[in-house]
Amino acid sequence: MKTDRRDFFKKTSVAGLGLVSAGLGCSRQSESRDPFPQTHRQRFNMAGYSAPQLDLVRIGVIGIGERGRGTVMQLGSIEGVEIRALCDLEPERVKRGAELILDLGHKPDLYSGGEEEWKKVCDRSDIDVIAIVTPWHLHTIQAAYAMEHDKHVYTQLTAANTIDECWQLVETSERTRKHCTQTSASCHSGIHAVNLNMVRQGFFGLLIHAEGNYIHQLNNKEYFWNPDKGKFHRQWRLNQNIGRQGNLYAGHGFTPIVQMMHINYGDKIDYISSFQSNDFSMNETAKIMSDEDDFWKPWLNRDYRGNMNYGNLEDPTVYERVQFIKYFSKMH
Ligand SMILES: NC(=O)c1ccc[n+]([C@@H]2O[C@H](COP(=O)([O-])OP(=O)(O)OC[C@H]3O[C@@H](n4cnc5c(N)ncnc54)[C@H](O)[C@@H]3O)[C@@H](O)[C@H]2O)c1
């Protein structure tokens with residue numbers, strides 16, 4: 001008889017409870033440790049919902065930096081897509097974006113020069129989807145605004161930076177019935193799609209444990225500490241690592257597992273824990289860089305988060321006894 005994963009966990013959790021009653025196991029953790037308190041009243045379940053089909057998908061892209069240029073090319077290459085608008089703070093970046101898709105037949109309107117120009121793109125009535133490729137701190141603000149203005153959202157990770165921002169996205173999406181999708185190269189491309197398909201077809205049998213990892217080499221001088229100093233908009237990528245703790249970019253290690261294990265599609269995470277090392281490389285890199293160039297002095301002796309992080313997520317159906325998903329992220 002074929003056992004599906006959820007049935008399997010129901011059976012093992014019943015067995016686990018048997019151990020508790022025999023005094024051999026741990027009792028269930030108190031609700032107060034729940035990292036995702038359900039403070040919000042669900043209005044509508046977006047899982048499984050499909051908005052009315054569009055014959056032509058008209059897109060506005062906000063943020064035409066490192067990743068944005070590739071996004072513009074990728075979206076612009078899809079049949080049935082029209083890139084209607086490009087927006088970035090920097091005028092030359094939107095111009096460059098437009099050049100990249102000229103041969104593909106797109107002639108977007110260009111917006112640049114002001115912190116809030118992107119709102120004009122969201123305000124338009126001839127755009128269906130807003131693609132967000134800006135620094136992290138803008139994602140929730142821009143996504144929520146776009147949904148409020150009748151647009152679906154396709155945002156780069158991380159869609160949100162806090163639990164409150166996560167709920168803001170959920171609530172706005174449910175209320176407006178606009179899709180809010182967080183893209184991730186680690187589950188929306190090539191080999192990852194193949195892996196997911198294999199899982200769904202049962203190639204690996206019953207999945208009871210998975211591990212994912214991702215490495216961001218944050219002391220990379222050519223990339224994050226770029227000598228041209230303009231590569232990342234106002235060094236936002238480095239700055240996100242000051243004064244914050246934990247795994248800020250769990251998406252790549254985590255999202256493929258989420259898809260494979262039906263999280264939020266019949267299963268959910270009940271508990272999460274996160275462990276990190278000290279900073280052993282960022283202040284050191286800041287010292288090397290500022291010895292070479294005074295520009296980097298403001299990044300010296302800062303409260304950088306730990307360089308290696310280990311997170312552990314647990315499934316409610318097996319309570320705290322079985323740790324079935326782990327992700328592991330480290331930086332050199
Ligand atoms: N999925 C992946 O594999 C992957 C890979 C790289 C980056 N990313 C993500 O892509 C996003 C962008 O990263 P990046 O590397 O392109 O950074 P970047 O700094 O090169 O680009 C960000 C762009 O946003 C623009 N911007 C900033 N504030 C703006 C505003 N108010 N209005 C309009 N534009 C504004 C900047 O001028 C810049 O061009 C991040 O979320 C990052 O995590 C994802």
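Helices, with at least four residues, and strands, with at least two, are DSSP runs numbered from the N terminus. The model used in these exercises is predicted.

**Exercise 1.** Find which helices and strands each supply at least two residues of the shell around the ligand, and how the shell residues divide by class.

Solution. 
- Step 1. The elements that each supply at least two residues are helix 2 (66-76), strand 2 (81-88) and helix 5.
- Step 2. Helix 2 gives the largest share, 3 residues.
- Step 3. There are 26 residues around the ligand, and G63, G65, E66, R67 and A185 come nearest.
- Step 4. By class, the shell around the ligand has 12 nonpolar, 8 polar and 6 charged residues.

**Exercise 2.** Determine how helix 5 and helix 6 are oriented to each other, and which residues meet.

Solution. 
- Step 1. Helix 5 covers residues 136-148 and helix 6 covers residues 163-176; they pack at an angle of about 10°, and their axes are 9 Å apart.
- Step 2. Angles under 35 degrees count as roughly parallel, so helix 5 and helix 6 are roughly parallel to each other.
- Step 3. From helix 5, T140, A143, A144, M147 and E148 meet E165, Q168, L169, T172, S173 and T176 of helix 6.
- Step 4. This contact of helix 5 with helix 6 comprises 4 nonpolar, 5 polar and 2 charged residues.

Terms used
Residues are numbered from 1 along each chain as its sequence is written. This is a predicted model: local features need pLDDT of at least 70, side-chain atom pairs count only at pLDDT 80 or more; totals for chains, interfaces and linings use all residues. Axes are lines fitted to C-alpha atoms, for helices over the stretch in contact, and angles run from 0 to 180 degrees between N-to-C directions. Angles under 35 degrees count as roughly parallel, over 145 as roughly antiparallel, 65 to 115 as roughly perpendicular and the rest as oblique. Two residues are in contact if their C-beta atoms, placed from the backbone, lie within 7 Å. Ala, Val, Leu, Ile, Met, Phe, Trp, Tyr, Cys and Pro count as nonpolar, Asp, Glu, Lys and Arg as charged, and the others, Gly among them, as polar. A residue is near a molecule or strand if its C-beta atom, placed from the backbone, lies within 6 Å of it.
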